[in-house]
Amino acid sequence: MSDESTSDDIVFYWNPRSRAAMAHWMQEETAAPYRKVLIDFEKNEQKAPDFLKINPMGKLPTIVHRGTVVTETAAIIAYLADAFPQAGLAPAPGDAQRGAYYRWLFFGAGCFEPALLDTMMKRPPVERKMAVGWGSYEDVLSTLKTALTTGPYLLGDKFTAADVYIGSELGWAMMFGAPNLKGEKVFDDYVARVQARPAYKRASTG
Ligand SMILES: N[C@@H](CCC(=O)N[C@@H](CS)C(=O)NCC(=O)O)C(=O)O
(Lines give C-alpha, C1' and ligand atoms only; values in the text may rest on other atoms or scores of the structure.)
Protein backbone atom coordinates (compact mmCIF):
# COMPACT_ATOMS: atom_id res chain seq x y z
CA MET A 1 0.00 0.00 0.00
CA SER A 2 2.86 2.38 0.79
CA ASP A 3 3.59 3.76 -2.63
CA GLU A 4 5.34 7.10 -2.47
CA SER A 5 6.78 8.38 -5.68
CA THR A 6 9.15 11.05 -6.82
CA SER A 7 8.22 10.47 -10.46
CA ASP A 8 6.03 12.81 -12.43
CA ASP A 9 3.08 10.44 -12.12
CA ILE A 10 0.73 11.36 -9.31
CA VAL A 11 0.09 8.60 -6.81
CA PHE A 12 -3.56 8.92 -5.88
CA TYR A 13 -4.74 7.16 -2.73
CA TRP A 14 -8.46 6.80 -3.10
CA ASN A 15 -11.64 4.95 -2.41
CA PRO A 16 -14.66 5.58 -4.63
CA ARG A 17 -16.94 5.97 -1.59
CA SER A 18 -15.18 8.97 -0.15
CA ARG A 19 -14.22 12.56 -0.78
CA ALA A 20 -11.57 11.08 -3.06
CA ALA A 21 -14.31 11.03 -5.73
CA MET A 22 -13.96 14.82 -5.94
CA ALA A 23 -10.19 14.62 -6.45
CA HIS A 24 -10.75 11.82 -8.97
CA TRP A 25 -12.93 14.11 -11.07
CA MET A 26 -10.20 16.76 -10.88
CA GLN A 27 -7.53 14.27 -11.95
CA GLU A 28 -9.63 13.52 -15.02
CA GLU A 29 -10.07 17.24 -15.75
CA THR A 30 -6.32 17.85 -15.86
CA ALA A 31 -5.56 14.74 -17.94
CA ALA A 32 -2.22 14.44 -16.10
CA PRO A 33 -0.95 10.89 -15.58
CA TYR A 34 -1.88 9.39 -12.24
CA ARG A 35 -1.86 6.01 -10.60
CA LYS A 36 -4.67 4.99 -8.28
CA VAL A 37 -3.96 3.09 -5.09
CA LEU A 38 -7.15 1.77 -3.55
CA ILE A 39 -7.35 2.15 0.22
CA ASP A 40 -9.79 -0.41 1.52
CA PHE A 41 -11.92 1.05 4.34
CA GLU A 42 -13.29 -2.43 5.13
CA LYS A 43 -9.75 -3.47 6.03
CA ASN A 44 -9.09 -0.15 7.77
CA GLU A 45 -6.13 0.38 5.44
CA GLN A 46 -6.38 4.15 5.94
CA LYS A 47 -5.12 3.61 9.48
CA ALA A 48 -2.34 1.17 8.55
CA PRO A 49 1.12 2.32 9.72
CA ASP A 50 2.44 2.62 6.15
CA PHE A 51 -0.39 4.92 5.13
CA LEU A 52 -0.23 6.95 8.34
CA LYS A 53 3.39 7.73 7.45
CA ILE A 54 2.04 9.45 4.34
CA ASN A 55 -1.05 11.05 5.87
CA PRO A 56 -1.08 10.94 9.69
CA MET A 57 -4.81 11.78 9.59
CA GLY A 58 -5.43 8.42 7.94
CA LYS A 59 -7.84 10.00 5.49
CA LEU A 60 -8.61 10.21 1.78
CA PRO A 61 -8.01 11.71 -0.64
CA THR A 62 -4.23 11.89 -0.45
CA ILE A 63 -1.84 12.38 -3.33
CA VAL A 64 1.93 12.22 -3.66
CA HIS A 65 3.47 14.16 -6.51
CA ARG A 66 7.19 14.58 -7.07
CA GLY A 67 7.80 13.48 -3.50
CA THR A 68 5.35 15.93 -1.93
CA VAL A 69 2.26 14.80 -0.06
CA VAL A 70 -0.92 16.80 -0.54
CA THR A 71 -4.00 16.14 1.57
CA GLU A 72 -7.33 18.00 1.98
CA THR A 73 -9.66 17.76 -0.98
CA ALA A 74 -9.74 21.48 -1.75
CA ALA A 75 -5.94 21.72 -1.53
CA ILE A 76 -5.51 18.75 -3.86
CA ILE A 77 -7.93 20.25 -6.38
CA ALA A 78 -6.22 23.66 -6.21
CA TYR A 79 -2.77 22.06 -6.41
CA LEU A 80 -3.66 20.05 -9.51
CA ALA A 81 -5.10 23.12 -11.24
CA ASP A 82 -1.81 24.98 -10.70
CA ALA A 83 0.47 22.03 -11.43
CA PHE A 84 -1.22 21.47 -14.80
CA PRO A 85 -2.06 24.98 -16.05
CA GLN A 86 -2.56 23.73 -19.60
CA ALA A 87 -5.94 22.40 -18.42
CA GLY A 88 -7.03 26.04 -17.86
CA LEU A 89 -8.83 25.36 -14.60
CA ALA A 90 -7.58 28.29 -12.50
CA PRO A 91 -7.15 32.00 -13.14
CA ALA A 92 -3.43 32.83 -13.07
CA PRO A 93 -1.94 34.34 -9.89
CA GLY A 94 -2.30 38.09 -10.22
CA ASP A 95 -5.52 37.84 -12.22
CA ALA A 96 -8.32 39.51 -10.22
CA GLN A 97 -10.49 36.46 -10.86
CA ARG A 98 -8.04 34.51 -8.75
CA GLY A 99 -9.66 36.20 -5.76
CA ALA A 100 -13.10 34.86 -6.61
CA TYR A 101 -11.59 31.47 -7.34
CA TYR A 102 -9.94 31.28 -3.91
CA ARG A 103 -13.08 32.59 -2.33
CA TRP A 104 -15.20 29.69 -3.54
CA LEU A 105 -12.60 27.02 -2.90
CA PHE A 106 -12.20 28.19 0.70
CA PHE A 107 -15.93 28.71 1.08
CA GLY A 108 -16.46 25.11 0.03
CA ALA A 109 -14.03 23.79 2.64
CA GLY A 110 -14.58 26.29 5.43
CA CYS A 111 -18.31 27.03 5.16
CA PHE A 112 -20.25 24.67 2.93
CA GLU A 113 -18.77 21.44 4.24
CA PRO A 114 -19.26 22.10 7.97
CA ALA A 115 -22.72 23.60 7.39
CA LEU A 116 -23.69 20.55 5.36
CA LEU A 117 -22.39 18.15 7.99
CA ASP A 118 -24.24 20.05 10.72
CA THR A 119 -27.44 19.55 8.78
CA MET A 120 -26.90 15.96 7.69
CA MET A 121 -25.80 14.87 11.16
CA LYS A 122 -28.66 16.80 12.72
CA ARG A 123 -26.36 18.64 15.08
CA PRO A 124 -28.21 21.06 17.32
CA PRO A 125 -28.20 24.64 15.99
CA VAL A 126 -25.37 26.71 17.40
CA GLU A 127 -26.22 29.25 20.04
CA ARG A 128 -23.73 31.87 18.88
CA LYS A 129 -24.11 31.90 15.12
CA MET A 130 -22.03 35.09 15.02
CA ALA A 131 -18.96 33.21 16.21
CA VAL A 132 -19.41 30.31 13.81
CA GLY A 133 -17.55 30.86 10.55
CA TRP A 134 -20.23 29.32 8.38
CA GLY A 135 -23.12 31.05 10.13
CA SER A 136 -25.84 28.59 9.23
CA TYR A 137 -26.79 26.12 6.52
CA GLU A 138 -29.45 28.55 5.28
CA ASP A 139 -26.95 31.41 4.98
CA VAL A 140 -24.51 29.19 3.10
CA LEU A 141 -27.17 27.99 0.63
CA SER A 142 -28.44 31.48 0.04
CA THR A 143 -24.88 32.69 -0.65
CA LEU A 144 -24.26 29.86 -3.09
CA LYS A 145 -27.57 30.47 -4.79
CA THR A 146 -26.70 34.12 -5.35
CA ALA A 147 -23.25 33.16 -6.64
CA LEU A 148 -24.72 30.69 -9.14
CA THR A 149 -27.68 32.74 -10.30
CA THR A 150 -25.74 34.55 -13.03
CA GLY A 151 -23.77 31.47 -14.03
CA PRO A 152 -23.19 29.32 -15.82
CA TYR A 153 -20.28 28.79 -13.38
CA LEU A 154 -19.04 30.31 -10.14
CA LEU A 155 -16.70 32.63 -12.01
CA GLY A 156 -19.19 33.37 -14.79
CA ASP A 157 -18.42 31.91 -18.20
CA LYS A 158 -15.31 30.11 -17.10
CA PHE A 159 -15.46 26.64 -15.56
CA THR A 160 -12.71 26.28 -12.94
CA ALA A 161 -11.46 23.89 -10.30
CA ALA A 162 -13.70 25.73 -7.83
CA ASP A 163 -16.66 24.30 -9.76
CA VAL A 164 -15.18 20.81 -9.40
CA TYR A 165 -15.15 21.26 -5.63
CA ILE A 166 -18.42 23.12 -5.05
CA GLY A 167 -20.13 21.09 -7.79
CA SER A 168 -18.99 17.87 -6.09
CA GLU A 169 -20.24 19.02 -2.72
CA LEU A 170 -23.60 20.05 -4.15
CA GLY A 171 -23.90 16.77 -6.06
CA TRP A 172 -23.08 14.80 -2.91
CA ALA A 173 -25.49 16.84 -0.82
CA MET A 174 -28.31 16.32 -3.33
CA MET A 175 -27.63 12.61 -3.60
CA PHE A 176 -27.95 12.27 0.17
CA GLY A 177 -31.08 14.38 0.37
CA ALA A 178 -29.73 17.51 2.05
CA PRO A 179 -32.60 19.97 2.50
CA ASN A 180 -33.51 22.82 0.14
CA LEU A 181 -31.31 21.78 -2.77
CA LYS A 182 -33.12 19.42 -5.15
CA GLY A 183 -35.97 21.23 -6.83
CA GLU A 184 -34.16 24.58 -6.65
CA LYS A 185 -33.66 25.35 -10.34
CA VAL A 186 -30.36 27.17 -9.86
CA PHE A 187 -28.83 24.19 -8.04
CA ASP A 188 -30.43 21.55 -10.26
CA ASP A 189 -29.21 23.24 -13.45
CA TYR A 190 -25.72 23.87 -12.11
CA VAL A 191 -25.21 20.31 -10.92
CA ALA A 192 -26.57 18.89 -14.19
CA ARG A 193 -24.25 21.21 -16.14
CA VAL A 194 -21.07 20.29 -14.28
CA GLN A 195 -21.93 16.60 -14.12
CA ALA A 196 -22.35 16.56 -17.92
CA ARG A 197 -18.60 17.10 -18.29
CA PRO A 198 -16.77 14.12 -19.81
CA ALA A 199 -14.17 14.20 -17.01
CA TYR A 200 -16.92 13.86 -14.38
CA LYS A 201 -18.41 10.93 -16.26
CA ARG A 202 -15.05 9.19 -16.62
CA ALA A 203 -14.33 9.62 -12.92
CA SER A 204 -17.73 8.34 -11.86
CA THR A 205 -17.47 5.21 -13.93
CA GLY A 206 -13.79 4.40 -13.59
N1 LIG B 1 -10.62 17.37 5.52
C2 LIG B 1 -10.48 16.22 4.68
C3 LIG B 1 -11.47 15.18 5.11
C4 LIG B 1 -11.13 13.84 4.50
C5 LIG B 1 -12.01 12.73 5.08
O6 LIG B 1 -12.63 12.86 6.16
N7 LIG B 1 -12.08 11.61 4.37
C8 LIG B 1 -12.85 10.47 4.84
C9 LIG B 1 -13.60 9.84 3.67
S10 LIG B 1 -14.79 10.91 2.91
C11 LIG B 1 -11.88 9.39 5.31
O12 LIG B 1 -10.88 9.17 4.70
N13 LIG B 1 -12.27 8.71 6.39
C14 LIG B 1 -11.54 7.59 6.86
C15 LIG B 1 -11.29 7.63 8.35
O16 LIG B 1 -11.35 8.69 8.93
O17 LIG B 1 -11.01 6.56 8.88
C18 LIG B 1 -10.68 16.61 3.21
O19 LIG B 1 -11.34 17.61 2.93
O20 LIG B 1 -10.14 15.94 2.34
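Student: What makes 10-88 and 97-204 domain 1 and domain 2 of the chain?

Tutor: The chain is divided into domain 1 (10-88) and domain 2 (97-204), with bounds taken from an automatic or database domain assignment. The model is predicted, so local features need pLDDT of at least 70 and side-chain atom pairs count only at pLDDT 80 or more, while totals for chains, interfaces and linings use all residues. Residues are numbered from 1 along each chain as its sequence is written, and side-chain values use heavy atoms, with hydrogens and water left out.

Student: How many residues of domain 1 and of domain 2 are in contact?

Tutor: Contact means heavy atoms within 4.5 Å; by that criterion 14 residues of domain 1 touch 21 residues of domain 2.

Student: What is the area buried between domain 1 and domain 2?

Tutor: Buried area is the accessible area (1.4 Å probe) that two parts lose on being put together, summed over both. Here the value is about 1,500 Å², with 64% given by carbon and sulfur atoms. Of the area that domain 1 buries against domain 2, Met22, Trp25 and Glu28 supply 42%, more than any other three residues.

Student: Why is the meeting of the Arg202 and Glu28 side chains called a salt bridge?

Tutor: The term requires a side-chain nitrogen of Lys or Arg within 4 Å of a carboxyl oxygen of Asp or Glu. The N to O distance between Arg202 and Glu28 is 2.6 Å, and therefore the pair meets the definition. Between domain 1 and domain 2 the count is 4 salt bridges.
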